[in-house]
Amino acid sequence: MSDYTVVGQTVARVDAVEKVTGAAQYGADVHPPGMLYGKIVRSKQAHANILSIDTSEAEKLPGVKAIITQDDVPSGRRVFATDKILYLGEPLAAVAATDPDIAEEAAELIKIEYEVLPVVQDVMEAIKPSAPRLHGDGTKDGPNRREIATQIRRLTRDKENDHSDEISKLEAELENYPDEVYYNISAESHSDAGDIEKGFAECDVVVEDTYVIPRVHQTYMEPHVSVASADSSGKVTVWASTQGPFAIRSGIAGTLGIPLTQINVIGTTMGGGFGGRFGVIITHVPAVLLSQKSGRPVRVQMTREEEFTDGRPAPGCVIKLKTGATNDGRILARQALAFWDSGSVSGASIGSTIRVRGVYKIPNLKVDAYGVHTNKSGTAAYRAPGAPQAIFAGESQLDEIAERIGMDPVKFRLMNMREEGDPIPAGATEPKVGYKETLEAVADAAGWWDREAGENQGWGVAVGDWTNGCGPGGVYVAVHEDGSVRIFHGSMDITGTDTAISQIIAEILTVPYESVTIRRGDTDSAPYSTGSGGSVVTFTMGNTAKLAAEDAHQRILELASERLNMNVDNLELRDGEVHVVTADPPKSILLGELAAYSLSTTGGPIVGKGSFARQASTPALAAQIAKVEVDPDTGRTRVLKLVASQDVGFAINPMAVEGQIEGGTVQGYAWAMMEEMQYGEDGNINPGFVDYRVPTSADLPTVESVIVEVPAPNGPYGAKGVGEPPITPTLATMANAVKDAVGIRVTELPIKPEKVVQALQSNGH
Amino acid sequence: MRNFEFFEPTTLAEASRLFAQEHTQLLAGGTDLVIGMKALTEAPQSVISLQKIPGLAGVTTESDNSISVGAMTKVRAVELSADIQQHHTALAEGAAEIGSIQIRNLATIGGNIAHASPAADTVAGLLVADAQVDIASADGERTVSIDELFTGPGQTVLAPGEIITRFRLPSPASGSHYIKHKIREVMDLAFIGVAAAVNLNDGVITDARIGLAAVAPTPIRATEAENLLNGNQLTAELLAQAGEAAAAAASPISDLRCSAEHRSEMVNVLTRRTVQEAVNRA
């Protein structure tokens, strides 16, 4: 199909052998001599004032080498709670000891006096006036109040004219919206297009529902861990299990007031990230502080229980959604009001509420989103942050509309999808994306058009869109005298990105993939490279690698020109040799010979440099179809078929791409059917894998992946980020399939057996 | 994990003498104990391994098809025993529901029972097998019926120093079946578990036994439902009555896994299904 020889081919991952032999070094494998074991002292209350923290008994315990509290944090950035505890498990102090059991015992000996406060865990409770306030009276206004308040502010600012009458009228109007005063608001996000009221007025069918999506954990296999070693000169080395070593370096520098050059962050092999492995203060800062104080290396490693109580999972949310369409199937208006459970700090991905727009032409759209404080840990990214939640609501409701107007769900979506050149917000137009191609591909592959369903069986379809990010990156590539190629960069390998980078460089330098090796540096030795999240790595580092290889390619031709005394225009790099295009008989020189020759030239060795920061990304679509069977008596749902297509732009390594499609789809399935962090008065009540269920291979048939390639103009070889899109549609795919099977619309995830039985009973089963 | 003393006695008498001391725990497969010790929910001063005591593991079948299962028999061996599969299918099916294969290769049936979780997956199968539990101590031996063994969650009639040595399954059932209500296909804990066993005489049910797990503080038999079935041919109506009766026997709790109401409903549904399947197999 393509003229490429290495990219576009399935090759073994560069890290395959070290992974399967156990040679890969994870964070917990790091054990410098004299290492101490750190333990974080955690709150046993979900909401309380701290009256006192007494570490004196713990300090006396033999083997305890350091105890730290917020007093030890020079920047004052909140690492440990000081006066108020906001969630169960919040860090209060940390201990380093010669043995993990001693550290744990010392942690128990630290006495904390609390004044217990009322707890709020539910976002819809937290916004009420009666709710306890986590951060004082942090009230913000509701959507209508906000518009009025904006007008008041604008009029107040106009000092040249007297608006006092208008202002007092507007102020009186504020009283009309008592239900729109929300409390415990951490952040808000609003956007609109068209005229929402007019839009709904023109609709034949309007559907309104409230969707509730639970907080879920990234459940990476490797818990957070860091090993820190501060030496007598003040130099700090941190072995960190992280997606972004450079972000950890700057985070530590900022929090602890250490110069950047005095910090070296060594990223260890990552046991999964999914967006949850960027946090600085979770383990890295405590480890550094403990090492500075004790003068010895310290490991801080979270248990699985700590991961649940003090990880940074994906936010749950409540989305009130309203959609209207005409009887002939045109979606005219959609309005969302979303409350995201942000936990004790802001940071929930509330901006993703806009994803309810989907990839459809919706002329009238209004979205209001709020982050809400509750007594839970903060949240972080999880694979397409915020998109699965918003798309669950949007795609569930589309099926309800399709049903009411009697239109096939796939046809209804195809009819409303945006096309190249359609206007999109911010004055731009839609680029060429394979929206329809991807949905058609999954429908064809799944057999949608002649689908059959037995009793209690049903089919569901949904699509989800996402656009990869990009970030700054640097890559060096060196060619050695044996013709081998070595790559240096600083981004963590995630989802096989080192493999993709190696393929790109092999392709350009026309060498076998096997002769390319990749060296990921620490922050002391690698050029600045982006964090490995937001599906950026193959896009950013792939582009960077391409630039580096092209730079090396240029140097190779220069060398050959010099060596062969030929004009560069008459030379071509092919199969690891530079050929003289017009030579008869053929004449060529091996890459290794040129590399050897380069060592004695004025220009010097072959080193290519690539540096890249930003280019417009192109959206990607994931489309999925599931066939399920629901047991109406037990409420259990079995997946009979799950097909996932995705517009990946260009699959640099098709097997790795399929792996991402499968993995994302399974995580989406899990969120739909079983995963849920549950909270009681005191905090998380299922902090472990017994009652926080992640699916096993027995729960699903093999996910059938379908790769669609509509190239992205700025992606390397047209590639788009592939990691995040596949999780986005699955929640709705499953809910839509269950609806088709037994006629119940589950709007509150996960679709547990009990909920299904209850819903069927209220339907008269 | 706290420090502890580790003993590997080679006789039951010695093990019993050690186990009679306070703050001791027996180690069989370790799949519950070691996790508890790591989480500090268990902090025994002494751990007494049963692994060096001969004769505690294995499945033996007598000429009358009565079966003896040693307490140290691995759950995986119970699951795969052809005799248990044939004569006490519900027990083999229950064993197959525990954890993963790796766990089942370590865990023992004695541990699964002595741990006294109302949700143990082998317990419903043992209940419908009418299992007799042999118990040894330094003072001698005694036998209790499986339905008299448990006194509450984590609690049994075992006195200090008493060790379960074997389960005797006196009479085979020609048909039995176990169903566990769960969310995940494998490696899940029972929301509830139901086992049924029957013999048939000319199409008439005899020896009906129904065992319920995770629906009461201890595993229980649904005797009302059994009485309804015994002496009758199975009809849809009878099945419905048996389901109702079994649900009435349950006194489940609501917890983070599901509500008491859901558990009761599932006792009804799964009793009907297990009884039907047991009769089909008989």
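I'll start with A:Arg215 and A:Asp341, whose side chains meet in a salt bridge at 4.0 Å, N to O; the term means a side-chain nitrogen of Lys or Arg within 4 Å of a carboxyl oxygen of Asp or Glu. A:Arg215 sits in the loop between β10 (205–213) and β11 (225–230) of chain A and A:Asp341 in strand β16 (residues 331–343) of chain A, so the pair ties together parts 126 residues apart in sequence. Strands (E, at least two residues) and helices (H or I, at least four) are DSSP runs, numbered from the N terminus. A:Arg215 has 3% relative accessibility and therefore counts as buried; buried is under 20% relative accessible area, exposed over 50%, partly exposed in between, with a 1.4 Å probe and protein chains only. A:Asp341, at 6%, counts as buried.

This is a predicted model: local features need pLDDT of at least 70 and side-chain atom pairs 80 or more, while totals for chains, interfaces and linings use all residues. Residues are numbered from 1 along each chain as written, chains are lettered from A and ligands numbered from 1 in the order written, and side-chain values use heavy atoms, without hydrogens or water.

Next, A:Glu400 and A:Arg745 form a salt bridge, with closest N and O atoms 2.7 Å apart. A:Glu400 is in helix α11 (residues 387–405) of chain A, and A:Arg745 in the loop between α18 (730–742) and α19 (753–762) of chain A, 345 residues apart. Both residues are buried.

A:Lys432 pairs with A:Glu437 at 2.9 Å. A:Lys432, at 36% relative accessibility, counts as partly exposed, and A:Glu437 does too, at 29%.
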